[in-house]
Amino acid sequence: MTASARPHWSLARRFLWISLAVVLGHSVVSLVITTGLREHLMNNLLRGTMQRQSLLALNKINDQLDQLSAAEAKACCTIHDYQRFLSRLELDDGKVALIQGQAGLATTRNARVLFQPSQLERFANASIKANDGFAMVDIGGNEAVAAQEIKLAGGAQTGHFIYVRPIYAMPAVRTQSMIKFGAELVLILVTGVVLVMSAKRVFQPVRRISTDLASIELNTLDGATLSTAKAPIELLPILEEFNRMVERLRQAAVNQKQFASTISHEFRTPLTVISGFLQSVLNRSDTLTEQQRKALGIADQEVLRLNRMLSDLLDLSRADNHQLSVRRDAFSLLPSLEHALRLARAAHRNPIHDDLAAVPNLADLEVVGDPDRLVQCIGNLIGNAAKYSPPDQPVALEVNHQGTAVEISVIDQGPGIPADQLERIFERFTRAEGVALPKGESSSGLGLSIVTMLMQAMGGSVSVSSTVGQGSRFSLRLPVADQP
Ligand code: ADP
């Protein structure tokens, strides 16, 4: 079966296999190290040490033999004589020596304290029976002694000299235990590192999916499906269900946009008719009472407001369907600014100041964009400034020409906007938390999202800076047209 024919794999199974392989590898390496160390200890260190040390002990006995008189030497050597020689040997750390012969067993002083006579007999027999005189004898509880036998030249009675050494007391054995402990420690570390790395690798797809998910936005649902290729089988149903859900959402978003677009279209005509009739009644009839005139005036204002909202919705739905036409032509900035100011002054009670007269060469300045849309954007910002400020507070329009861009700022002395809300207010249907809507005003939360969309379509941008309690400054930037 090829890799491409089996694109899905199990997270759990992969991790299980890796863990098994790591544990198995750990055990094998540990076994190899332990066995190698033990073999090295037995074959090289222990055997050589035993031979050297037993010869040293034997030489001390021979020295004593050499000091015998001629008569004593002649009578020598029974097991009792050896008993005497052995008693002078100084051995420590559990080491003992024995003479084993037909007449019995003669031992060093410590031998009978450290070991039972039957155990000493076992050591002697094991080493005598071994081919090269060396034997390892277990005395229980995982403790072992090494016994080295040397044949004595004293006849049947004297037999064999046996040197016994408990191996747990040997420095080499202690070193071996340390090496084993060290090796185990290194192995545990290596195993840990391998397991952590494997876990990272195994859970990589989960991390990749969460990164992909984080990059999905409501307005980018078109390309938001998650790839199921080479995904682990545990995650496959989740991915497939997620993709189905995105598809449903996408369809719902399309329907919603379609609905908004249809409603806006369908509502506009009757609203225009209502507004027309209201205007004609208001203009022509002299028979209306003051109260009737006021009521019709309010109705007319509301129709206008509804119309503006529908235009906003229509603009947004056109932009969503890539049908919004926004020009990017060079045009003279001053007439648009003056037009926007005229409309704003007629619509709002707040004093609206401007610095147009103080801007050098403003009459010759051309920018790139759509003059009508720019007027719409400025109108929107001045509308907000007037809406959120008290009626007597002034609003200012400032123009700054900076190199290749022009910045048109609308400044108010209203309530200001909390810093954590400054980004949010450019989103659709969003109002700033902490900014109260003045009594009698309405709010759709669409204005700034339309300004953003229009400015981007013109190749410009919109930004805000604000201080709570002092006011806000909204700035539109447009590129300056190339001078001929
Ligand atoms: P709307 O004004 O219809 O609610 P906008 O998109 O124009 O929608 O504005 C979004 C929010 O930003 C407003 O609800 C308001 O909280 C805040 N905001 C906008 N302009 C100002 C301003 N000049 N001063 C204080 N808050 C403002």
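## Ligand site

An oxygen atom of the ligand is 3.0 Å from a polar backbone atom of S444. A polar side-chain atom of N384 lies 2.8 Å from a ligand oxygen atom, and a backbone N or O atom of L448 is also placed 2.8 Å from an oxygen atom of the ligand. The protein covers 98% of the 520 Å² of accessible area that the ligand has on its own (Shrake-Rupley method, 1.4 Å probe).

The ligand is surrounded by 19 residues (a heavy atom within 4 Å). Four residues, the largest share of this shell, come from α11.

## Basis of the model

The model is predicted: local features need pLDDT of at least 70, side-chain atom pairs count only at pLDDT 80 or more, and totals for chains, interfaces and linings use all residues. Residues are numbered from 1 along each chain as its sequence is written, and side-chain values use heavy atoms, leaving out hydrogens and water.

## Salt bridges

The structure holds 14 salt bridges (a side-chain nitrogen of Lys or Arg within 4 Å of a carboxyl oxygen of Asp or Glu). One of them joins the side chains of R47 and D132 at 2.4 Å, N to O. R47 belongs to helix α1, whereas D132 sits in the loop between α5 and β3, 85 residues apart.

The side chains of R477 and E407 form another salt bridge, at 3.3 Å, N to O. R477 lies in strand β12 and E407 in strand β10, so the pair ties together parts 70 residues apart in sequence. E241, R244 and R248 are linked in a network of salt bridges.

Technical notes
Polar contact = N/O pair within 3.5 Å; in protein donor to acceptor, adjacent residues only side chain to side chain. Helix = DSSP H or I, 4+ residues; strand = E, 2+ residues; numbered from the N terminus.
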